[in-house]
Amino acid sequence: MSEENKDVVFQAKTENIYKVIVIGDPAVGKTSLLTKFSTKKFNSQYLPTVGVNIVKEVMDINIQGKNTKINLMLWDIAGQPQFYMLHKPYFNGADGMFLVFDITRASTFSNVNNWYNSAVKYGLSGIPRVLVGNKIDLEDQRKIIKPHTQHLSEKLNAEYFETSAKTGVNVDKMFRRMAELLYLKYNK
Ligand code: G3D
Ligand code: MG
């Protein structure tokens, strides 16, 4: 291989491109979180595919005193999760996952376990994961109390964020944290 080609290969490997899946029950706010995160940004794009939307986001993070570009390919199941034939390509090769529930609906919280188990079934037990309780603007309708979220977060070994795709609270933070976790995991 020529010196020039070696450089190309090296660059491709240092691009920090990660596939991140966003999973959870219907209507918990997965698409809304992605839209909130990406539409403020100039470099976002929606890539429609069959049953799946992929949003590409480039983030600059400062980690351990170093500025690093992280490319997130965020995968969002469009349509109904009961289309199980979509699951394999969706889960396959993911580097990170967001597990999203709606703090106002208890069933979406208990189903996080099922979503996580599906991911494990596809070999994703070791990837960085972030648990997300969305819709905290609806605090007066909250069904899931903090000790429960803490328990699940410890059980899944996932950091926990409470967000609102409506107001935007903590939305940037959860994506930024994912970028950091990915970098820390895959750049040893
Ligand atoms: P999904 O992609 O997980 O299926 P969506 O969920 O992003 O499509 O959101 C489902 C519904 O919840 C939408 O309402 C959306 O506006 C609402 N929603 C999403 N996030 C929040 C939030 O943080 N706060 C509040 N109050 N609502 C939220 P509609 O009425 O359009 O179906
Ligand atoms: Mg959706």
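Me: Which residues are linked in a network of salt bridges?

Reply: A salt bridge is a side-chain nitrogen of Lys or Arg within 4 Å of a carboxyl oxygen of Asp or Glu. By this rule the count comes to 8 salt bridges. The residues linked in a network of them are Glu139, Arg142, Lys146 and Glu162.

Me: Which pLDDT do side-chain atom pairs need in order to count in this predicted model?

Reply: Residues are numbered from 1 along each chain as its sequence is written, while chains are lettered from A and ligands numbered from 1 in the order in which they are written. Side-chain values use heavy atoms, without hydrogens and water, and in this predicted model totals for chains, interfaces and linings use all residues, local features need pLDDT of at least 70, and side-chain atom pairs count only at pLDDT 80 or more.

Me: Which residue forms a salt bridge with aspartate 102 at 3.2 Å?

Reply: Aspartate 102 is buried at 2% relative accessible area, where buried means under 20%, exposed over 50% and partly exposed in between (1.4 Å probe, protein chains only). Its side chain meets that of arginine 105 in a salt bridge of 3.1 Å, N to O. At 3.2 Å between the closest N and O atoms, aspartate 102 also forms a salt bridge with lysine 135. This pair links distant parts of the chain, 33 residues apart: aspartate 102 in strand E5 (residues 96-102) and, in the loop between E6 and H5, lysine 135.

Me: How far apart are the end C-alpha atoms of helix H6?

Reply: Helices (H or I, at least four residues) and strands (E, at least two) are DSSP runs, numbered from the N terminus. The expected span of a helix is 1.5 Å times one less than its number of residues. Helix H6 (residues 171-186) has 16 residues and should therefore span 22 Å, which agrees with the separation of its end C-alpha atoms, 23 Å.

Me: Which side chain of opposite charge is nearest to lysine 30?

Reply: Lysine 30 is found in helix H2 (residues 30-39). Its side chain reaches the backbone oxygen of glycine 24 at 3.1 Å, and a polar atom of that side chain lies 2.8 Å from the backbone oxygen of aspartate 25. Lys and Arg count as positive and Asp and Glu as negative, with His and the chain ends not counted. Lysine 30 is buried yet has no salt bridge, for at 5.6 Å lies the nearest side chain of opposite charge, aspartate 76.

Me: What is the phi of glutamine 64?

Reply: Most residues other than glycine have a negative phi. Glutamine 64 is found in the loop between strand E3 (52-63) and strand E4 (66-77), and is exposed, with a relative accessible area of 70%. Its phi is positive, near 50°.

Terms used: A polar contact is a pair of N or O atoms within 3.5 Å; within protein, one must be able to donate a hydrogen and the other to accept it, and residues adjacent in sequence count only if both atoms are side-chain atoms.
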